[in-house]
Structure formats: structure tokens, C-alpha cells
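Keep the model open as you read.

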Amino acid sequence: MTGFGLLGHLVEMVRASDVDVTVAIDRVPLLDGARETVALGIFSSLQPQNVRLRRAIRELDAVAKHPLYPLLFDPQTAGGLLAAVPLGAAERCTVALRAEGYIDAAVIGFVSERSATLEPVTLDLTGTALSEAIEMSGSSLRRRRPVGEAPHSEEPVY
């Protein structure tokens with residue numbers, strides 16, 4: 001992440017890939033003190049120009065009230081790495097990253113086919129959509145490959 005904040009980089013990836021994305025806002029790792037700083041109304045100098053990307057978010061009126069919403073635009077999230085991996089492998093990937101010392105590695109959302117809706121980003125305020133997607137992804141992997149059988153060629157192995 002750089003000065004464009006999480007949402008800036010996410011929108012760039014989503015538009016280039018022509019997909020939609022759902023982000024569980026409470027699962028986004030934050031730098032120490034970021035939550036408290038924003039609660040005090042203190043934002044970086046880049047915040048105002050980054051907020052222009054809000055038009056990429058569905059149901060903006062409802063999600064803009066969430067206390068972590070401003071941090072999606074704020075470069076206080078700078079320093080992280082945003083990557084897309086198959087959802088069925090995401091939990092294994094974060095476990096592997098944590099084992100290598102990246103203790104804040106987290107699954108924060110999922111990608112879906114592009115919809116007809118203008119806004120490609122949905123904020124999951126409860127985390128329910130992400131939990132359900134992870135559960136469905138894991139169960140579909142178990143149905144496709146019995147225990148002990150080699151993975152199919154399209155499945156990444158981590």
C-alpha cells in the first residue's frame with residue numbers, strides 16, 4: 001500500500017480485472033493507533049484526494065457511517081501488501097505468511113464476477129458475507145477432491 005490507501009489500490013485491481021469485490025471492513029489490519037487517530041478526526045493530508053474513490057462503493061450512505069470507513073482511504077494503512085489468491089487457498093496462505101513472520105496477514109474479502117452494478121466494491125459490515133464465502137469455498141474444494149487425492153492442475157498448492 002502507498003499513499004492511495006487500501007481502497008485506491010483495491011479499485012485499481014478490481015477495474016483492471018473487471019470483477020467485483022467484497023471487503024469485510026472489520027478484518028482489515030490497521031496500524032497501531034490508526035483507529036484512535038481517525039476517531040479524533042485526524043486524517044492524513046492525502047485523505048481528501050483519496051476520498052474521491054468513494055464512488056466505487058455500493059450503498060455508500062449506509063457504509064460511510066462505519067467508524068473504520070475513513071481508514072479505507074487513508075494512507076495510515078500504508079505498508080501492507082494487497083494480493084488476490086483463490087479463496088479456497090486464502091486461509092492456508094495467511095497461515096503460511098504468519099509462520100514467516102507476517103503476523104498481520106489476513107483474509108479481508110473475496111472477488112466475484114462483475115455485476116451490472118456501477119460500483120464494484122461492497123463493504124461487508126458484519127463479516128458474514130466473507131465467512132459464508134470462505135465456508136462455501138472450503139466445502140466445494142472438499143467435494144472436488146477427496147482426501148489423499150492429488151490436487152487438480154488448476155488448484156494452486158501452497
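A quick definition before anything else: a residue is called buried when its relative accessible area is under 20%, exposed when that area is over 50%, and partly exposed in between. With a relative accessible area of 31%, R114 is therefore partly exposed. Bear in mind that this is a predicted model.

So what does R114 do? Its side chain meets that of D20 in a salt bridge, 2.5 Å from N to O. D20 sits in strand 1 and R114 in the loop between strand 2 (109-113) and strand 3 (121-124), so the pair ties together parts that are 94 residues apart in sequence. D20, at 3% relative accessibility, counts as buried because the cut-off is under 20%.

D20 has another partner: R58 forms a salt bridge with it, the closest N and O atoms being 2.5 Å apart. Here strand 1 (residues 19-24) is linked to the loop between helix 3 and helix 4, across 38 residues. R58 is buried, and D20 is too. Put together, D20, R58 and R114 make up a network of salt bridges.

The whole structure has 3 salt bridges. One of them joins the side chains of R27 and E91, at 3.7 Å from N to O. R27 is in the loop between strand 1 and helix 2 (34-39), while E91 belongs to helix 5, 64 residues apart.

Helix 5 runs over residues 87-99, and its buried residues are A89, A90, C93 and T94. Just after helix 5 comes G101, with a positive phi of about 105 degrees.

Finally, look at the surface, where R15, R52, R54 and R55 gather in a patch of positive charge. R55 counts as exposed, at 54% relative accessibility.

Note on methods
Residues are numbered from 1 along each chain as its sequence is written. This is a predicted model: local features need pLDDT of at least 70, side-chain atom pairs count only at pLDDT 80 or more; totals for chains, interfaces and linings use all residues. Side-chain values use heavy atoms; hydrogens and water are left out. Patches are made of residues with over 30% relative accessible area and no salt bridge: like charges are joined within 9 Å, nonpolar side chains (Val, Leu, Ile, Met, Phe, Trp, Tyr) within 5 Å. Accessible areas come from the Shrake-Rupley method with a 1.4 Å probe; for residues, only the protein chains shown count as cover. A salt bridge is a side-chain nitrogen of Lys or Arg within 4 Å of a carboxyl oxygen of Asp or Glu. Lys and Arg count as positive and Asp and Glu as negative; His and the chain ends are not counted. The place of a charge is taken as NZ of Lys, CZ of Arg, CG of Asp or CD of Glu. Buried means under 20% relative accessible area, exposed over 50%, partly exposed in between (1.4 Å probe, protein chains only). Helices (H or I, at least four residues) and strands (E, at least two) are DSSP runs, numbered from the N terminus. The expected span of a helix is 1.5 Å times one less than its number of residues.
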